[in-house]
Amino acid sequence: QLQLVQSGGGSVQAGGSLRLSCAASGVVPGASYCMGWFRQRPGKEREGIATINTYRNSPWYADSVLGQANISVDDKKNVFLQMNEVNSEDTAMYYCGAFRGGGVCPLIDPLKLYDIWGQGTQVTVSA
């Protein structure tokens with residue numbers, strides 16, 4: 001059973017960068033996963049930021065973070081998120097999520113599609 005443990009986050013100054021990591025364990029050898037980063041602002045639904053298909057190494061990005069975010073995955077299925085030039089709108093709880101499968105890795109309806117989640121990490125952007 002795949003498990004995800006997040007690290008990184010915390011307080012970041014506006015205009016700075018953040019890097020989040022998600023360590024995977026229990027990976028099925030040879031299996032393909034959709035993995036991604038999602039965030040939830042207070043009073044808002046969880047939204048997709050970036051996803052990636054581990055077999056094809058193909059990423060998808062939300063329009064709101066195009067050019068700002070970069071998702072990557074290594075050969076152990078650890079997944080990373082780098083975001084540059086953060087601002088107050090990036091303040092949120094960030095989650096990594098995954099499900100076993102191939103093809104397109106959706107950004108929408110994450111709670112319906114992604115069934116494995118990290119514990120979440122708070123990112124607060126300060127002026």
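The exercises below concern the strands of a predicted model.

Residues are numbered from 1 along each chain as its sequence is written. Because the model is predicted, local features need pLDDT of at least 70.

**Exercise 1.** Determine in which order the four strands of the open sheet are arranged, and which strands form its edges.

*Solution.* Step one: strands are DSSP runs (E, at least two residues), numbered from the N terminus. Two of them pair if DSSP finds at least two bridges between them. Step two: the order of the open sheet is β1-β3-β8-β7, with antiparallel pairing. Step three: β1 (3–8) and β7 (69–73) are the edge strands, since each pairs on one side only.

**Exercise 2.** Describe how β3 and β8 pair, and name the partner of Cys22 in β8.

*Solution.* Step one: β3 (residues 18–25) and β8 (residues 79–83) are joined antiparallel over five bridges. Step two: Cys22 has Val79 as its bridge partner in β8.

**Exercise 3.** Identify the strands that pair with β9, and explain why β9 is described as largely enclosed.

*Solution.* Step four: seven of the nine residues of β9 (residues 92–100) are buried, so the strand is largely enclosed by the rest of the structure. Buried means under 20% relative accessible area (1.4 Å probe, protein chains only).

Note on methods:
This is a predicted model: local features need pLDDT of at least 70, side-chain atom pairs count only at pLDDT 80 or more; totals for chains, interfaces and linings use all residues. Side-chain values use heavy atoms; hydrogens and water are left out. Buried means under 20% relative accessible area, exposed over 50%, partly exposed in between (1.4 Å probe, protein chains only).
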